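This report describes the strand pairing, the nonpolar core and the aromatic contacts of one protein. Please consult the sequence and the structure alongside the text.

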Amino acid sequence: MAGKNTLFRRIDAKLKQEDGETFDSEILDLIPLSIKAIEPPENLVLDSSIVRSALTAEASISAVWTPPNGVLVDQYLVQISVDNTFPADNTRTLYVPGDQLSIAILGLKVNTQYYVQVAAIAKAAISDFIDNV
(Lines give C-alpha, C1' and ligand atoms only; values in the text may rest on other atoms or scores of the structure.)
Protein backbone atom coordinates (compact mmCIF):
# COMPACT_ATOMS: atom_id res chain seq x y z
CA MET A 1 0.00 0.00 0.00
CA ALA A 2 1.27 3.48 -0.84
CA GLY A 3 2.23 5.62 2.13
CA LYS A 4 2.81 9.32 2.73
CA ASN A 5 6.37 9.14 1.38
CA THR A 6 5.59 7.33 -1.88
CA LEU A 7 5.88 8.72 -5.38
CA PHE A 8 3.97 7.16 -8.27
CA ARG A 9 5.56 6.74 -11.67
CA ARG A 10 3.40 5.86 -14.68
CA ILE A 11 5.07 4.30 -17.69
CA ASP A 12 3.22 3.99 -21.00
CA ALA A 13 4.78 1.52 -23.41
CA LYS A 14 4.06 -0.08 -26.77
CA LEU A 15 5.05 -3.74 -26.50
CA LYS A 16 5.48 -6.33 -29.24
CA GLN A 17 4.17 -9.88 -28.88
CA GLU A 18 5.95 -12.93 -30.30
CA ASP A 19 3.58 -12.94 -33.30
CA GLY A 20 4.61 -9.38 -34.16
CA GLU A 21 1.39 -7.71 -32.95
CA THR A 22 1.87 -4.61 -30.80
CA PHE A 23 -0.22 -3.52 -27.84
CA ASP A 24 -0.27 -0.61 -25.42
CA SER A 25 0.68 -1.23 -21.82
CA GLU A 26 0.51 0.93 -18.71
CA ILE A 27 2.70 0.24 -15.71
CA LEU A 28 2.18 1.97 -12.36
CA ASP A 29 5.34 1.86 -10.30
CA LEU A 30 5.74 2.88 -6.65
CA ILE A 31 8.96 4.63 -5.68
CA PRO A 32 9.65 5.07 -1.94
CA LEU A 33 10.96 8.54 -1.11
CA SER A 34 13.61 7.78 1.47
CA ILE A 35 15.77 10.85 0.81
CA LYS A 36 14.42 14.35 1.30
CA ALA A 37 16.02 16.37 -1.46
CA ILE A 38 14.96 19.84 -0.31
CA GLU A 39 14.19 21.64 2.92
CA PRO A 40 10.58 22.57 3.78
CA PRO A 41 9.27 26.13 3.73
CA GLU A 42 9.68 28.10 6.95
CA ASN A 43 7.80 30.54 9.20
CA LEU A 44 4.23 29.48 8.42
CA VAL A 45 1.86 32.16 9.76
CA LEU A 46 -1.93 31.86 9.69
CA ASP A 47 -4.58 34.54 10.05
CA SER A 48 -8.28 33.69 10.14
CA SER A 49 -11.33 35.81 9.41
CA ILE A 50 -15.10 35.42 9.20
CA VAL A 51 -17.29 36.84 6.44
CA ARG A 52 -20.98 37.18 7.31
CA SER A 53 -23.87 37.71 4.97
CA ALA A 54 -27.58 37.94 5.75
CA LEU A 55 -27.95 34.15 5.50
CA THR A 56 -24.57 32.55 6.16
CA ALA A 57 -21.16 32.97 7.70
CA GLU A 58 -17.97 31.57 6.23
CA ALA A 59 -14.48 31.45 7.66
CA SER A 60 -11.25 31.85 5.73
CA ILE A 61 -7.59 31.39 6.56
CA SER A 62 -4.72 33.35 5.08
CA ALA A 63 -1.44 31.38 5.10
CA VAL A 64 1.97 33.02 4.54
CA TRP A 65 5.39 31.34 4.57
CA THR A 66 9.00 31.89 3.55
CA PRO A 67 10.72 29.71 0.93
CA PRO A 68 13.38 27.14 1.79
CA ASN A 69 16.92 28.49 1.53
CA GLY A 70 18.79 27.98 -1.71
CA VAL A 71 15.98 26.23 -3.61
CA LEU A 72 14.12 27.35 -6.70
CA VAL A 73 10.63 26.09 -5.85
CA ASP A 74 8.33 25.03 -8.71
CA GLN A 75 5.20 24.95 -6.54
CA TYR A 76 3.97 24.58 -2.99
CA LEU A 77 1.62 21.89 -1.76
CA VAL A 78 -0.80 23.30 0.83
CA GLN A 79 -3.01 20.96 2.82
CA ILE A 80 -5.83 21.87 5.21
CA SER A 81 -7.77 19.52 7.44
CA VAL A 82 -9.78 19.37 10.67
CA ASP A 83 -7.60 16.38 11.62
CA ASN A 84 -3.92 16.99 12.43
CA THR A 85 -2.97 13.65 10.85
CA PHE A 86 -4.20 14.91 7.43
CA PRO A 87 -6.07 11.76 6.29
CA ALA A 88 -6.52 11.61 2.52
CA ASP A 89 -10.32 11.42 2.74
CA ASN A 90 -10.57 14.51 4.96
CA THR A 91 -7.84 16.80 3.61
CA ARG A 92 -8.16 19.61 1.09
CA THR A 93 -5.06 19.94 -1.13
CA LEU A 94 -4.14 23.09 -3.00
CA TYR A 95 -1.19 23.87 -5.28
CA VAL A 96 0.43 27.31 -5.24
CA PRO A 97 2.93 28.55 -7.87
CA GLY A 98 6.54 28.62 -6.65
CA ASP A 99 6.79 32.42 -6.84
CA GLN A 100 3.76 32.88 -4.56
CA LEU A 101 4.33 32.75 -0.78
CA SER A 102 0.75 32.98 0.45
CA ILE A 103 -2.76 31.70 -0.14
CA ALA A 104 -6.26 32.58 1.02
CA ILE A 105 -8.22 29.43 1.87
CA LEU A 106 -11.92 30.24 1.55
CA GLY A 107 -15.22 28.51 2.26
CA LEU A 108 -14.38 27.11 5.69
CA LYS A 109 -16.82 26.42 8.52
CA VAL A 110 -17.09 28.95 11.34
CA ASN A 111 -16.07 27.78 14.85
CA THR A 112 -14.01 24.89 13.47
CA GLN A 113 -10.33 24.26 14.20
CA TYR A 114 -8.25 23.69 11.07
CA TYR A 115 -4.69 22.46 10.60
CA VAL A 116 -2.54 23.71 7.73
CA GLN A 117 0.73 22.34 6.37
CA VAL A 118 2.90 23.44 3.45
CA ALA A 119 5.55 21.53 1.46
CA ALA A 120 7.84 22.73 -1.33
CA ILE A 121 8.12 20.91 -4.66
CA ALA A 122 11.16 21.43 -6.89
CA LYS A 123 12.39 19.40 -9.87
CA ALA A 124 10.40 16.24 -8.99
CA ALA A 125 11.55 16.37 -5.36
CA ILE A 126 9.29 17.22 -2.44
CA SER A 127 10.21 18.51 0.98
CA ASP A 128 8.77 17.46 4.31
CA PHE A 129 5.80 19.53 5.39
CA ILE A 130 6.42 22.52 7.62
CA ASP A 131 5.08 21.84 11.13
CA ASN A 132 1.32 21.64 11.43
CA VAL A 133 -0.29 24.80 12.74
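## Strand pairing and core

Strand S5 and strand S8 (residues 115-122) run antiparallel and are joined by 7 bridges; two strands pair if DSSP finds at least two bridges between them. The structure is a predicted model, in which local features need pLDDT of at least 70 and side-chain atom pairs count only at pLDDT 80 or more, whereas totals for chains, interfaces and linings use all residues. Residues are numbered from 1 along each chain as its sequence is written, and side-chain values use heavy atoms, with hydrogens and water left out.

The protein contains 9 strands and 0 helices. These elements are DSSP runs numbered from the N terminus, with at least two residues (E) for strands and at least four (H or I) for helices.

Strand S5 (residues 75-81) has 6 of its 7 residues buried and is therefore largely enclosed by the rest of the structure. Buried means under 20% relative accessible area, exposed over 50%, and partly exposed in between (1.4 Å probe, protein chains only). Strand S5 also pairs with strand S6 (residues 91-97), in the antiparallel sense and over 7 bridges.

A further group of 3 strands forms an open antiparallel sheet in the order S3-S4-S7. Its edge strands, each pairing on one side only, are S3 (42-52) and S7 (102-108). Neighbouring strands of this sheet are turned by 20° against each other on average, direction ignored; the axes are lines fitted to C-alpha atoms, and angles run from 0 to 180 degrees between N-to-C directions. Strand S4 (residues 57-66) is connected to S7 by 5 bridges, and the two run antiparallel.

| Residue | Partner | Strand of the partner |
|---|---|---|
| Isoleucine 61 | Isoleucine 105 | S7 |
| Valine 78 | Leucine 94 | S6 |

In soluble globular proteins, nonpolar side chains tend to be buried together. The largest nonpolar core here has 21 residues, and Trp65, Val78 and Ile103 have the most contacts inside it. Such a core is a set of buried Ala, Val, Leu, Ile, Met, Phe, Trp, Tyr and Cys residues joined through side-chain atoms within 4.5 Å. Strands S4, S5, S6, S7 and S8 are the elements that give two or more residues to this core.

Tryptophan 65 is buried, with a relative accessible area of 2%. Leaving aside neighbours within four places in sequence, the contacts of tryptophan 65 include Pro41, Leu44, Tyr76, Val96, Leu101 and Val118, where contact means heavy atoms within 4.5 Å. Tyrosine 76 is likewise buried, at 0% relative accessibility.

The model has 1 aromatic pair. Tryptophan 65 and tyrosine 76 form this edge-to-face pair, with 5.3 Å centre to centre and 65° between the planes. Because tryptophan 65 lies in strand S4 and tyrosine 76 in strand S5, the pair ties together parts that are 11 residues apart in sequence. Rings of Phe, Tyr and Trp (its six-membered ring) pair if their centres lie within 6.5 Å; planes under 30 degrees apart count as stacked, over 60 as edge-to-face and the rest as tilted.

Phenylalanine 86 is placed in the loop between S5 and S6. This residue is buried, with a relative accessible area of 10%. The C-alpha atoms of phenylalanine 86 and glutamine 117 are separated by 9.0 Å, although the two residues are 31 residues apart along the chain.

Across the protein, buried residues make up 28% of the 133 residues.
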